Each structure stands twice: as structure tokens, then as C-alpha cells.
Amino acid sequence: MGLFINLKSNKKQYSEAFKSSVNQQANSLILIVRESLQIANASPVLETKKARLEFAMKKVIDLIALANRYPFIDSKRISSTYTAIREVRNEIKAMESDVKSFDRREVA
């Protein structure tokens, strides 16, 4: 019977201080991602947009890893960043297609 009790109570218990620390780390990552995406949105330079998007996506991967490790992190805040990432990706694709169509023009 002791074995079954141990299996049931195998769920990790985290202190409030630890939860607060991990949530603060997650919030910092979210702020970094949002700031990077804001810079990407504001920049007219394609290479800057690409670099800031890549940086933001790396931080999102770190954030997802943190959320997978600690289930008490609010995942709704993570999902809201996907919309912003998608917008920047679409803008980059539009800029790239404009550059490609400009390159195809013939000069008279």
C-alpha cells in the first residue's frame, strides 16, 4: 500500500517563492519576445526584421521549454505571442515577394 501512496504523491510540490521566480523568468522572456517583435514591426529593413524574428523565435522556444518543465506557467500568455510572430512572418514574406518582383523587371 505504501507503494501506491508514493506513486500518487509523486506530483512535485513547488514553493510559492519558487513559482514566483519561475513566473518572473517566464514574464521576462515574454517581454523580450514582444520587444523584439515590436522592433521587427517598426523596422523598414528586411534583414533587421528577419534577425529580430529569429531572435524572438529562439526566446519563444526557451519559453515553451520552461512551460513544459513547470506546468503552473500560464500558457495563454505564450499563445498570444504566436499571433505577433505570424504577423511579422507575413510582413517579411510580403517584403521578399516585392523584392523578387522588383528584381524580375526588365530595364528598357
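Q: A charge counts as sitting over a ring if NZ of Lys or CZ of Arg is within 6 Å of the ring centre and within 35 degrees of the ring normal. Which residue has its charged end over the ring of Phe-72?
A: The model here is a predicted one. In this model, the distance from the charged end to the ring centre of Phe-72 is 5.8 Å. That lies within the 6 Å limit, and the residue that holds this place over the ring is Lys-19.

Q: Are the rings of Tyr-70 and Phe-72 stacked, edge-to-face or tilted?
A: The structure has five aromatic pairs. In the pair formed by Tyr-70 and Phe-72, the ring centres are 5.8 Å apart and the planes meet at 40°. Stacked needs an angle under 30 degrees and edge-to-face one over 60, so an angle of 40° makes this pair tilted.

Q: Which residues do ring pairs link into a cluster?
A: Tyr-70 and Phe-72 both belong to it. Tyr-70 is buried, because its relative accessibility is 14% and the cut-off is under 20%, while Phe-72 is partly exposed at 23%. The cluster as a whole is made of Tyr-14, Phe-18, Tyr-70 and Phe-72.

Q: How many helices does the protein chain have?
A: Let's step back to the overall fold. Read from the N terminus, the elements run α-α-α-α. There are zero strands, and the number of helices is four.

Q: How far apart are the end C-alpha atoms of helix H3?
A: H3 covers residues 46-69, which makes 24 residues.

Q: How far does H2 reach from its first C-alpha to its last?
A: H2 has 27 residues. Counting 1.5 Å a residue gives an expected 39 Å. The reach in the model is close to that, at 38 Å.

Q: Which residues does Ser-36 touch, not counting those up to four places away in sequence?
A: Ser-36 belongs to helix H2, residues 16-42. With a relative accessible area of 0%, Ser-36 is buried. Beyond its sequence neighbours, the residues it touches are Arg-52, Phe-55 and Ala-56.

Q: What is the C-alpha to C-alpha distance between Ala-40 and Leu-53?
A: Ala-40 is another residue of helix H2, and its relative accessible area of 0% makes it buried. Beyond four places in sequence, Ala-40 touches Lys-49, Arg-52 and Val-88. Along the chain, Ala-40 and Leu-53 are 13 residues apart, while in space their separation is 6.6 Å.

Q: What distance separates the C-alpha atoms of Leu-66 and Ala-26?
A: Leu-66 is part of helix H3 and is buried at 6% relative accessibility. Its contacts beyond four places in sequence include Val-22, Ala-26 and Leu-29, each of which is among the buried residues of H2. Although Leu-66 and Ala-26 are 40 residues apart along the chain, their C-alpha atoms are separated by 7.4 Å.

Q: Which residues are in contact with Ile-92, leaving aside neighbours within four places in sequence?
A: Ile-92 is found in helix H4, residues 75-104. It is buried, with a relative accessible area of 7%. Its contacts beyond its sequence neighbours are Leu-46, Lys-49, Lys-50 and Leu-53.

Q: Which residues does Thr-81 touch, not counting those up to four places away in sequence?
A: Thr-81 also has its place in helix H4. Its relative accessibility is 2%, so Thr-81 counts as buried. The residues it touches are Val-33, Arg-34, Leu-37 and Val-60.

Q: What percentage of the residues of the protein chain count as buried?
A: The chain's accessible surface is about 8200 Å², and 55% of that belongs to carbon and sulfur atoms. Out of 108 residues, the share that counts as buried is 22%.

Key
Residues are numbered from 1 along each chain as its sequence is written. This is a predicted model: local features need pLDDT of at least 70, side-chain atom pairs count only at pLDDT 80 or more; totals for chains, interfaces and linings use all residues. Side-chain values use heavy atoms; hydrogens and water are left out. Helices (H or I, at least four residues) and strands (E, at least two) are DSSP runs, numbered from the N terminus. Buried means under 20% relative accessible area, exposed over 50%, partly exposed in between (1.4 Å probe, protein chains only). Contact means heavy atoms within 4.5 Å. Accessible areas come from the Shrake-Rupley method with a 1.4 Å probe; for residues, only the protein chains shown count as cover. Rings of Phe, Tyr and Trp (its six-membered ring) pair if their centres lie within 6.5 Å; planes under 30 degrees apart count as stacked, over 60 as edge-to-face and the rest as tilted. The expected span of a helix is 1.5 Å times one less than its number of residues.
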